[in-house]
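Please look over the chain shown below, with attention to how its parts are divided and how they meet. The briefing that follows is grouped by topic.

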Amino acid sequence: MKNARIAGLGYYVPDRVVPNVELAPLVNVSEDWIQGRTGIEQRHYRKKHGETTTTMGAAAARIAIDRAGILPSDVDFIIFATLSPDYYFPGNGVLLQRELGITHQTMGALDIRNQCSGFIYALSIADQYVKTGKFKNVLVVGAETHSRNLDFSPSGRDVTILFGDGAGAAVIQPCDEPGRGILTTHLHADGTYAEELACFNPGAHAGYYFEKDHFKFTEEEIEFISLHDDHTSIPHMNGQTVLRHAVTRFPEVILEALDEMNLSPKDIDLLVPHQANLRIAQLVQKRLGLTDEKVFNNIHKFGNTTAASIPIALCEAWEQGKIEDGSLLCVAAFGSGFTWGSALIRW
């Protein structure tokens, strides 16, 4: 059985840069308050009515495809990870296929809804398909448009200050060299805490899951899609609960991967964590005993781009020469669901 490798990487962020100085007055905090709590200095927002999650994903995909030395028509399977799809349905996978101009060929398109850990879930699926010989060129995309659905008022500041728009992509191909490529992936979930980081509407739940007063829904509400003008249509986050679980699950799933390969944290050449919050990354780094040079963070430039954050960071690290031939990489994520995962990659 062959291994799977990342043959090409690409990323795209919109031209519009939104620094803390622009956002801070809207949510009634200071620039330093935002940076101190998150490590974020700026984020990018898409061009309204001019860019979508799919178009950004396509821009990143074209770069990854070119760097992999193939044509869009060589892609035989698409996996698209996002929490901010263009449509309620169909999913972004088929929209990306159309955007790339490859609808004339028979292929599959799969949509992943695992939020912050979406790219790792997608990477794991691609790994299995390539290892078993099912596909030769799997296009994995993580893309998000957060700016369309944030509360730009003081009541929404804890969430709004975190998120930005962008996309990252990777082409996964077979690898003939033993011990190279994607060595192992690990995926986990615990739905106990589903509402601690969630966006409830639009949805088809009709209030089924909710008991708390501020999450209740009236009997007159639509059964299929519940639409609201209140806080339920924007992301809700219990920050302390998320932080507590993240700083536990991140090291656990990284060590799980290392243990399987009889490796230890000191063997990692570069850890690329999901860019959720710089404080989380620093706590994970400390628990694993890694030096600053062994952890790649770019949250200060892009904010939290959810499913796009790992491929954007991977691509940047590669472009900056931080990933060399033979480097041992670890990517890991934790987020809504709760879901979390890791992958070890020998470049």
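Which domains does the domain assignment of the chain give? It gives domain 1 (3-175) and domain 2 (181-194 + 235-346), the bounds coming from an automatic or database domain assignment. The model is predicted, so that local features need pLDDT of at least 70 and side-chain atom pairs count only at pLDDT 80 or more, whereas totals for chains, interfaces and linings use all residues. Residues are numbered from 1 along each chain as its sequence is written, and side-chain values use heavy atoms, with hydrogens and water left out.

**Domain interface**

- The centres of domain 1 and domain 2, taken over C-alpha atoms, are 17 Å apart, and 49 residues of domain 1 are in contact with 44 residues of domain 2, contact meaning heavy atoms within 4.5 Å.
- Between them the two domains bury about 3600 Å², of which 67% is on carbon and sulfur atoms; buried area is the accessible area (1.4 Å probe) that two parts lose on being put together, summed over both.
- Of the area that domain 1 buries against domain 2, Tyr11, Cys116 and Ile120 supply 19%, more than any other three residues.
- The rule finds one salt bridge across the interface of domain 1 and domain 2, a salt bridge being a side-chain nitrogen of Lys or Arg within 4 Å of a carboxyl oxygen of Asp or Glu.

**Salt bridges**

- By this rule the count comes to 10 salt bridges.
- One of them pairs Arg67 with Glu319, whose closest N and O atoms are 2.9 Å apart.
- Another joins the side chains of Asp158 and Arg37 (4.0 Å, N to O), and this pair links distant parts of the chain, with Asp158 in helix H6 (residues 157-160) and Arg37 in helix H2, 121 residues apart.

**Helix packing**

- Helix H1 (residues 20-27) packs against helix H2 (residues 31-38) at an angle of about 100°, their axes lying 8 Å apart, which makes H1 roughly perpendicular to H2 (the class for angles of 65 to 115 degrees).
- Asn20, Val21 and Ala24 of H1 make this contact with Glu31, Ile34 and Gln35 of H2, and the residues involved divide into three nonpolar, two polar and one charged.
- Helices (H or I, at least four residues) and strands (E, at least two) are DSSP runs, numbered from the N terminus.

**Backbone exceptions**

- Most residues other than glycine have a negative phi, and most peptide bonds are trans.
- Phe89 and Pro90 are joined by a cis peptide bond with omega of about 0°, and Pro90 lies in the loop between strand E4 (77-81) and helix H4 (92-99).
- The peptide bond from Gly337 to Phe338 is also cis, with omega near -20°, and Phe338 lies in the loop between strand E12 (328-335) and strand E13 (339-346).
- Gln115, although not a glycine, has a positive phi of about 50°, and Gln115 lies in the loop between strand E5 (108-112) and helix H5 (118-131).

Definitions and conventions: Axes fitted to C-alpha atoms, helices over the stretch in contact; angles between N-to-C directions. Parallel < 35°, antiparallel > 145°, perpendicular 65-115°, else oblique. Nonpolar A, V, L, I, M, F, W, Y, C, P; charged D, E, K, R; others polar.
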